[in-house]
Amino acid sequence: MVDSSSFWSEKLKNIEERNKSEDPQYKKWKKEVLEKWNPGSEEKEFINSSGIPIKELYVPGDLHGDLNERLGYPGTFPFTRGIYPDMYRGRLWTMRMFSGFGTPEDTNRRLKYLIQHGESGLSIAFDMPTLYGYDCNNERAEGEVGKCGVNVSTLKDMEVLFDGIDLGRVSTSMTINAPAIVLLAMYMAVAKKQGVPLDRISGTVQADILKEYIAQKEWIFPPEVHLRMIRDMMVFCTESAPRWNYISISGYHIREAGASAVQELAFTLADGFHYVEMGLNAGLSADDFAPRLSFFFNSSINFFEEIAKMRAARRIWATVLKEKYGARNPRTMMLKFHTQTSGYTLTWQQPLNNIIRTTIEAMAGVLGGTQSLHTNSYDEAWALPSENAVKVALRTQQIIAEESGIADTVDPLGGSYYVEWLTDEMEKQAYSYFDRIEKAGGILKAIKTGYIQKEIANTSYRRQLRIEEGKEIMVGVNKYVEENEPPIKILRISKKAQLSQRKRLNDVLASRDQEKVRRSLERLEDAMKDESVNLMPYMIEAVESYATIEEISNIGRRLYGGWKEPVIV
Amino acid sequence: MAAGKNLSLFRDKPVKVLLAKPGIDGHDRGMFVLAKAFRDAGMDVLYAGLLPTPEEVVDTAINEDVDVIALSLLNGAHLVVFKKVADLMKKRGIDDIAIVGGGTIPDADKPKLEKLGITGNYGPGTPLKTIIEHIIMRAEEARSRKLGIA
């Protein structure tokens, strides 16, 4: 591993040097043609979400140095144009619609519905009690069971969730973070029951705890405890479940929490570098485990900015993995990512407009070279999506894929003066953040002191003020407003979910082998006390005894307590 | 009473607001925007941190003698959780602290919340000005009660 202190600042210096712009012909055109055409054209401000001023025109002189070298060819270092040589001509992106609500039975039905309509990968949302490691009968879970996703308290729920779905044939992404290791243990236990060996299961747990402290705020313990659990999943999966992605390094939530595109890019990759260093410190080499790291980005409404962000992300990841972390295998250097269109850009007002926003954002994801895509439904500013709205969102992807022709050639925007310039600019600003984070003591420290969170909150507030002032337009919200809009039909989660989940939990609690539960939890506690032990086998044993998610989480709560975030306002 | 008619109420001590997300919900982007906006509007702003219980919210509001509790939830549990806060306030006989709500609250739920004395219940896209005016209006009611001039 290359020493950090000078790596980032030297990279930054080189890129700054490279990006310096001078083009005499452009200057001449601007003075002699543009200014005569429209003398007032300089007054209006054109900036993107990252605060980068956009010129009226980009020209060959905006691209410096050896463009071919920093683009590479698709499937070759540094993968700016895409990680696969043929991209979508060989195989389309995976259309992965995030779903989950109510009881495991409800979600099981929705998953089968999506499979039937051509979805190619499952993606599960969990409810708040599950995400925070509480059982459905905890007092805090009152009113929240099944509201934002499916509720899972014990292995029994997981068995129902995947009933009739062959875990050897589907790939399943589970959006679960703080208790990821518990849900992964449950998934493995269901696979075992179905007779599917662990080396055949494929999918992802999100498990990116750093972005929880930054943005989504769903943690149970102090950061170090969760990081140890991630290390254990990393080591266990590398050995026993090689097709499982044990982490999805997520910028999505960072963006939704208010970050700009550049902040999303920089903070997400900085988190990624931290996980790489964790693997190296656990005695693995980058080539052993980093090919299983994958990313999750937001695709928001500023079309070219998003595309540039995704292209820059690939180039930075490949370069840093190679130059700083000693990767030799090209697969290790490939940044694979999932994309979700932006929830923040969806409006409560005139909800059908959201279909158009989602289409633009989805196209940016495809032109940015995503490996899988979730398109939001138009009613999601209101509630969890209804079945019809989900279908329109899935059809949006199918129209892009099979009608629009934008997937017919690899990286169709490659070579665009604007897109290449913007890619270079985002790259530069990301390195500038890496350098600042390094100087702030590394990403973990920058999170614990609230530096990262403050950067995001400031951006978010500035943006809100721009919307208030009408400098940034949201159609239907601060322009083209309609009075007395008719209400739309939304999905309601009935209280039945809570009742039936509590009943099932009570049945499990009454029928399980209590002695077996006690012993497995005891063994898990001993394992937790010893940092050098891998927790994964103990987690599997505990969930197989039908210990609940809360019983398992309580061990850590007792040993390590919770976490109070730094004050940032 | 229109907002801002009685600003003399706040001459010595500005409007004091407690922002809280009771319940299990980490969506705090809006909270932070509001905290900054309320502060820029001259209010004294407290934030209850993440995952406070309804009891903790009510305790803090009483101990800090705030004028308004501003509740936010984006997880669909507002009818249950906001009600818990309102019930606790009633149980403790507190009538000089107003409660307002916001988040992803369907129109059909708004009358139910208003019946509990929880007003506003603004959704995404509401201008900051609208929210601030509403907070001031409710703070005037609360402050008048505190001063015994209601």
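This is a predicted model: local features need pLDDT of at least 70, side-chain atom pairs count only at pLDDT 80 or more; totals for chains, interfaces and linings use all residues.
Reader: Let's start with chain A. How many helices and strands are there in chain A?

Author: Chain A has 23 helices and 10 strands.

Reader: And what does the C-alpha trace of chain A span along its principal axes?

Author: About 85 × 60 × 50 Å.

Reader: What radius of gyration does chain A have, against a compact globule?

Author: Chain A has 24 Å. A compact globule with 569 residues would be near 25 Å, so the two agree.

Reader: How much of chain A counts as buried?

Author: Of its 569 residues, 50%.

Reader: What share of the contacts in chain A comes from residues 24 or more positions apart?

Author: That share is 77%, counting contacts with a separation of 6 or more.

Reader: Give me one spot in chain A. Where is A:Thr154?

Author: A:Thr154 sits in the loop between α5 and α6 of chain A, and α6 covers residues 155-161.

Reader: Is A:Thr154 buried or exposed?

Author: Buried. A:Thr154 has 25 other C-beta atoms within 10 Å, and the cut-off for buried is 20 or more.

Reader: Which residues is A:Thr154 in contact with, leaving aside neighbours within four places in sequence?

Author: A:Leu505, A:Val508, A:Tyr546 and A:Thr548.

Reader: Take A:Tyr546. How many residues apart in sequence are A:Thr154 and A:Tyr546, and what is the C-alpha to C-alpha figure?

Author: They are 392 residues apart in sequence. In space, their C-alpha atoms are 5.9 Å apart.

Reader: Now helix packing. At what angle do α13 and α17 of chain A pack?

Author: At about 60 degrees, with the axes 8 Å apart. Helix α13 is residues 303-323 and helix α17 is residues 417-439.

Reader: Why call α13(A) and α17(A) oblique?

Author: Roughly parallel needs an angle under 35 degrees, and roughly perpendicular starts at 65. The angle here is about 60 degrees. α13(A) and α17(A) are therefore oblique to each other.

Reader: Is the crossing of α13(A) and α17(A) left-handed or right-handed?

Author: Right-handed.

Reader: Which residues make the contact?

Author: From α13(A), they include A:Phe304, A:Ile307, A:Ala308, A:Arg311 and A:Ile316. From α17(A), they include A:Tyr418, A:Leu422, A:Met426 and A:Glu427.

Reader: How do the residues of that contact divide?

Author: Into 10 nonpolar, one polar and five charged.

Reader: Switching to chain B. What helices and strands has chain B?

Author: Five helices and five strands. From the N terminus on, the elements run β-α-β-α-β-α-β-α-β-α.

Reader: What about the radius of gyration of chain B?

Author: Chain B has 14 Å. With 150 residues, a compact globule would be near 15 Å, so chain B agrees with that. Its C-alpha trace spans about 40 × 35 × 30 Å along the principal axes.

Reader: What percentage of chain B is buried?

Author: Buried residues make up 51% of its 150 residues.

Reader: And the share of contacts from residues 24 or more positions apart in chain B?

Author: It is 72%, again for contacts with a separation of 6 or more.

Technical notes. Residues are numbered from 1 along each chain as its sequence is written. Chains are lettered from A and ligands numbered from 1 in the order in which they are written. Axes are lines fitted to C-alpha atoms, for helices over the stretch in contact, and angles run from 0 to 180 degrees between N-to-C directions. Helices (H or I, at least four residues) and strands (E, at least two) are DSSP runs, numbered from the N terminus. Angles under 35 degrees count as roughly parallel, over 145 as roughly antiparallel, 65 to 115 as roughly perpendicular and the rest as oblique. A crossing is left-handed if the near helix is turned anticlockwise from the far one by less than a right angle, and right-handed if clockwise. Two residues are in contact if their C-beta atoms, placed from the backbone, lie within 7 Å. Ala, Val, Leu, Ile, Met, Phe, Trp, Tyr, Cys and Pro count as nonpolar, Asp, Glu, Lys and Arg as charged, and the others, Gly among them, as polar. The radius of gyration is taken over C-alpha atoms; the globule rule is 2.2 Å times the number of residues to the power 0.38. A residue is buried if 20 or more other C-beta atoms lie within 10 Å of its own, exposed if 12 or fewer, and partly exposed in between; C-beta atoms are placed from the backbone.
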